[in-house]
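Please open the structure in a viewer and keep the sequence beside it.

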Amino acid sequence: MPRDLQHIALADLKVSKLNVRKHGAKDIASLAASIAAIGVIQPLLVRKNCAGFDVVAGQRRYLAARKLAAAEHPHADPLPCMVLAVDDDAAAIGASLAENVERLPMDEMDQYEAFARLRTKGLDEAGIASHFGVSEQIVKRRLALAKLDPDIRRLYRAGEIDAASLRLLTLATKERQKAWLALATDPEQEPPPS
């Protein structure tokens with residue numbers, strides 16, 4: 001499916017009826033904050049229609065940009081778009097589905113590592129929150145993962161600890177974390193409650 005990268009004015013874009021995302025598009029506040037901070041970093045997938053372009057994938061980015069454009073933000077218009085060279089509805093639906101299915105949010109540890117790198121570059125919690133379009137409370141919670149024993153972080157990466165347990169363990173003292181690890185890694189013991 002050949003594509004062509006173009007920067008297209010918001011006025012020439014509209015959401016396609018073929019876009020597979022039907023729910024969750026209204027929750028764009030954090031995405032709008034991210035776009036305001038660093039711009040749109042992933043192009044929308046669009047296809048030509050007689051009056052402009054239909055957004056096949058990237059509805060949330062489009063809506064967030066419209067919100068920013070209403071506030072006259074410079075990162076909002078025009079938007080980077082990959083123009084699909086296809087008139088086939090099935091191919092357009094497939095492209096929309098592929099983009100939406102394959103997109104996974106960052107897990108807690110990836111967020112922690114990214115936030116910690118920004119911390120070493122001199123950003124405070126408010127600056128990090130603004131950069132990622134999240135609340136300062138989320139930044140504080142993720143940075144609290146630094147308090148965890150490295151073995152706990154390894155168990156999380158190995159899929160042996162879920163995210164809820166990981167967050168709870170940030171509240172434990174080093175001694176309690178060691179005791180929890182001893183129970184969690186001892187084959188003779190019942191796994192500790194999460």
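Two strands are said to pair if DSSP finds at least two bridges between them. Helices (H or I, at least four residues) and strands (E, at least two) are themselves DSSP runs, numbered from the N terminus. The model is predicted: local features need pLDDT of at least 70, side-chain atom pairs count only at pLDDT 80 or more, and totals for chains, interfaces and linings use all residues. Residues are numbered from 1 along each chain as its sequence is written, and side-chain values use heavy atoms, with hydrogens and water left out.

**The whole chain**

Begin with the whole protein in a cartoon view. The protein contains nine helices and five strands. Read from the N terminus, the order of elements is β-β-α-β-β-α-β-α-α-α-α-α-α-α. Of the 194 residues, 39% are buried; here buried means under 20% relative accessible area, exposed over 50%, and partly exposed in between (1.4 Å probe, protein chains only). Contact means heavy atoms within 4.5 Å. Among contacts between residues at least 6 apart in sequence, 74% join residues at least 24 apart.

**The strands**

Select residues 44–49, which form strand β3. Five of the six residues in β3 are buried. To follow the pairing, pick Leu45, whose bridge partner in β4 is Ala57, and then Asn49, which stands opposite Gly52 in β4.

How many of the six residues of β4 are buried? Six of the six are, and the strand is described as mostly covered.

Strand β2 (residues 13–15) runs parallel to β4, with three bridges between them. Strand β5 (residues 79–84) runs parallel to β3 and is joined to it by four bridges. Here Arg47 has Leu84 of β5 as its bridge partner.

Select residues 59–70, helix α2. Its twelve residues reach 17 Å from the first C-alpha to the last, close to the 16 Å expected at 1.5 Å a residue; the expected span is 1.5 Å times one less than the number of residues. Show the side chains of Gln59, Arg61, Tyr62, Ala64, Ala65 and Leu68, which are buried in α2.

Move on to Glu72, in the loop between α2 and β5. Most residues other than glycine have a negative phi. Glu72 has a positive phi, near 60°. Is Glu72 buried or exposed? Glu72 is exposed, with a relative accessible area of 73%.

His73 lies in the loop between α2 and β5. Its relative accessibility is 25%, so His73 counts as partly exposed. Leaving aside neighbours within four places in sequence, His73 is in contact with Ala36 and Leu68. Draw a distance between the C-alpha atoms of His73 and Ala36: they are 7.1 Å apart, although 37 residues separate them along the chain.

Two packed helices are described by the angle between their axes and the distance between the axes. Axes are lines fitted to C-alpha atoms, for helices over the stretch in contact, and angles run from 0 to 180 degrees between N-to-C directions.

Select helix α4 (residues 108–120) together with helix α6 (residues 136–143): their axes come within 8 Å and cross at roughly 100°. The two helices are therefore roughly perpendicular, as angles under 35 degrees count as roughly parallel, over 145 as roughly antiparallel, 65 to 115 as roughly perpendicular and the rest as oblique. Show Glu108, Gln111, Tyr112, Phe115, Ala116 and Arg119 of α4 with Ile138, Val139, Arg142 and Leu143 of α6, which make the contact. By class, this contact has six nonpolar, one polar and three charged residues. Ala, Val, Leu, Ile, Met, Phe, Trp, Tyr, Cys and Pro count as nonpolar, Asp, Glu, Lys and Arg as charged, and the others, Gly among them, as polar.

Finally, keep α4 and select helix α7 (residues 150–157). These helices pack at about 130°, with their axes 10 Å apart, which makes α4 oblique to α7. Glu108, Met109, Asp110, Tyr112 and Glu113 in α4 meet Arg153, Tyr156 and Arg157 in α7. The residues of this contact divide into three nonpolar, no polar and five charged.
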